[in-house]
Amino acid sequence: MTYQVHIIGGGMAGSEAAWQLARRGVRVRLSEMRGSPEGDRSPAHQGDGLAELVCSNSFRSDDSDKNAVGLLHHDMRQCDSLIMAAAAKARVPAGSALAVDRDVFSAEVEAALAAQPTLDVVRERIDTLPAEGLCIIATGPLTAPALAERIGAATGADSLAFFDAIAPIVYRDSIDMDVAWMASRWDKGAEASLEMGGDGRDYINCPMNKEQYRAFRQGLLDGDKTVFREWEANTPYFDGCMPIEVMAERGEETLRFGPMKPVGLDNPHWATPEHPNGRWPYAVVQLRQDNKLGTLWNMVGFQTKLKHAAQVALFRTIPGLENAEFARLGGLHRNTFLNSPTLLDRQLRLKSAPSIRFAGQITGCEGYVESASVGLLAGLMTAAQIAGKPWTPPPRTTALGALLSHITGDAEADSYQPMNVNFGLFPPVDPDVKKKQRKEAYTARGKADLLGWLPTLA
Ligand SMILES: Cc1cc2nc3c(=O)[nH]c(=O)nc-3n(C[C@H](O)[C@H](O)[C@H](O)COP(=O)(O)OP(=O)(O)OC[C@H]3O[C@@H](n4cnc5c(N)ncnc54)[C@H](O)[C@@H]3O)c2cc1C
């Protein structure tokens with residue numbers, strides 16, 4: 001068979017992209033290295049099945065009325081997602097979460113793809129970027145090294161991160177601004193800030209006194225941490241990506257001279273007649289804006305290997321973050337991803353080589369569902385291109401559209417890190433909607449707008 005599209009990687013994204021194309025009659029070659037005669041396998045995969053879940057068996061919340069990932073499930077189902085259909089068949093009880101039997105799930109995906117007459121699954125490792133024809137690269141966070149090198153060469157070495165350190169991200173509206181305050185250190189960078197539309201006070205600062213700082217450092221030292229796997233232990237950190245608990249181990253004052261440095265930050269909440277501008281706290285936790293909407297704020301320098309529950313408990317002891325809601329928690333593991341906002345166009349195509357699309361976690365989304373959803377979109381875009389039809393992107397108010405917009409240009413390129421879908425990526429709903437009803441407002445709007453968009457796929 002001659003192929004119209006070559007998909008590399010039969011994981012969550014590649015399988016979904018292959019399905020979307022094949023069911024539209026497009027001839028597809030899907031290359032998956034696992035199961036090849038050479039016995040290739042990433043350090044995390046255990047078997048040869050397509051769409052293998054490498055860690056947990058959960059697709060997280062299935063509540064499409066109140067939860068952003070639940071809404072993404074909904075959007076994918078409306079687009080006849082194979083991953084969602086296989087998950088339904090493999091579902092196991094897990095409360096409001098969508099969890100699956102991973103073997104049944106993978107077998108369902110394999111069977112559905114095998115039944116497609118225009119699709120060939122070929123067990124082979126691909127080491128170079130295809131020189132001609134349309135291609136979707138969906139090789140995931142653990143892309144085999146030779147191909148990763150080629151992608152690095154094609155995109156610029158600095159653009160392909162081989163290791164990723166993640167700091168937590170907090171929803172702006174969950175930060176107590178009666179305690180925290182906006183300021184830049186020494187008011188520096190005001191000019192640049194004004195150019196970017198800011199007002200010169202670009203950071204949210206959370207103050208700590210001496211006792212709070214000491215207790216916090218102790219919490220970092222004592223907190224429950226994830227242990228590196230053997231293969232991860234050999235991967236170097238990027239400069240400046242030292243986990244915060246490792247810094248805390250280095251000495252009592254290391255953090256105060258590092259990410260928690262208080263100098264040049266007058267806290268106006270502590271103003272007195274003698275110090276009308278306020279005083280410097282003993283230590284400071286800074287948050288930097290993470291998206292154009294200003295709804296998400298990144299904890300600066302707080303990349304961490306603390307387990308998620310330990311992070312939530314400890315970070316909520318930070319003054320101003322007592323009620324913090326986290327759009328993403330920190331983590332540190334090897335992870336290959338592109339600086340997509342810079343490198344990809346709005347249709348996930350490499351700007352420098354538009355016949356190549358990227359899909360899945362390599363684009364900088366995070367999570368099984370998100371990876372599959374970007375595969376779904378890449379499949380739909382490629383199908384439209386082959387059919388010579390115009391592509392209409394899903395509205396940003398839908399979960400599919402919010403994630404796609406973030407990846408393909410709306411995220412800040414300088415601080416781009418893998419991201420789960422969350423309501424901070426959506427345009428805000430009417431501020432008059434009561435806080436308690438906002439989640440429902442996001443999902444109701446998203447569902448209505450998706451309905452309006454679906455006919456564009458016909
Ligand atoms: C260790 C680890 C644990 C994770 N745990 C979770 C979790 O619990 N929950 C969650 O939601 N997300 C988790 N993720 C994040 C992410 O959601 C998954 O990695 C997800 O599977 C990504 O989907 P993908 O399709 O982009 O990549 P993958 O599902 O990894 O698929 C990529 C496929 O490409 C193949 N491949 C790679 N290179 C080549 C090549 N050169 N030629 C041919 N084939 C190739 C691989 O064998 C693989 O099958 C985890 C990631 C890692 C690394």
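I took helices (H or I, at least four residues) and strands (E, at least two) as DSSP runs, numbered from the N terminus. The model is predicted, so I required pLDDT of at least 70 for local features and 80 or more for side-chain atom pairs, while totals for chains, interfaces and linings use all residues. Residues count from 1 along each chain as its sequence is written, and side-chain values use heavy atoms, without hydrogens and water.

**Helix α14.** I looked up residues 438-453. This helix has 16 residues and reaches 22 Å from first C-alpha to last. That is close to the 22 Å expected at 1.5 Å a residue, taken as 1.5 Å times one less than the number of residues. Next I checked burial (buried is under 20% relative accessible area, exposed over 50%, partly exposed in between; 1.4 Å probe, protein chains only). Tyr442, Thr443, Gly446, Lys447, Leu450 and Trp453 are buried in α14. They sit on the same side of α14, because they cover an arc of only 125° around the axis, judged by directions from the axis to the C-beta atoms. Leu451 and Gly452 are exposed on the other side. The cover over the buried residues includes α2 (68-78), α12 and α13 (399-410).

**Core.** I then looked for nonpolar cores (buried Ala, Val, Leu, Ile, Met, Phe, Trp, Tyr and Cys joined through side-chain atoms within 4.5 Å). The largest has 89 residues, and Phe59, Phe105 and Phe426 have the most contacts inside it. Helix α12 (residues 368-387) gives the largest share, 11 residues. I listed contacts (heavy atoms within 4.5 Å) for Phe426. Beyond four places in sequence, Phe426 touches residues including Leu71, Ala402 and Tyr442.
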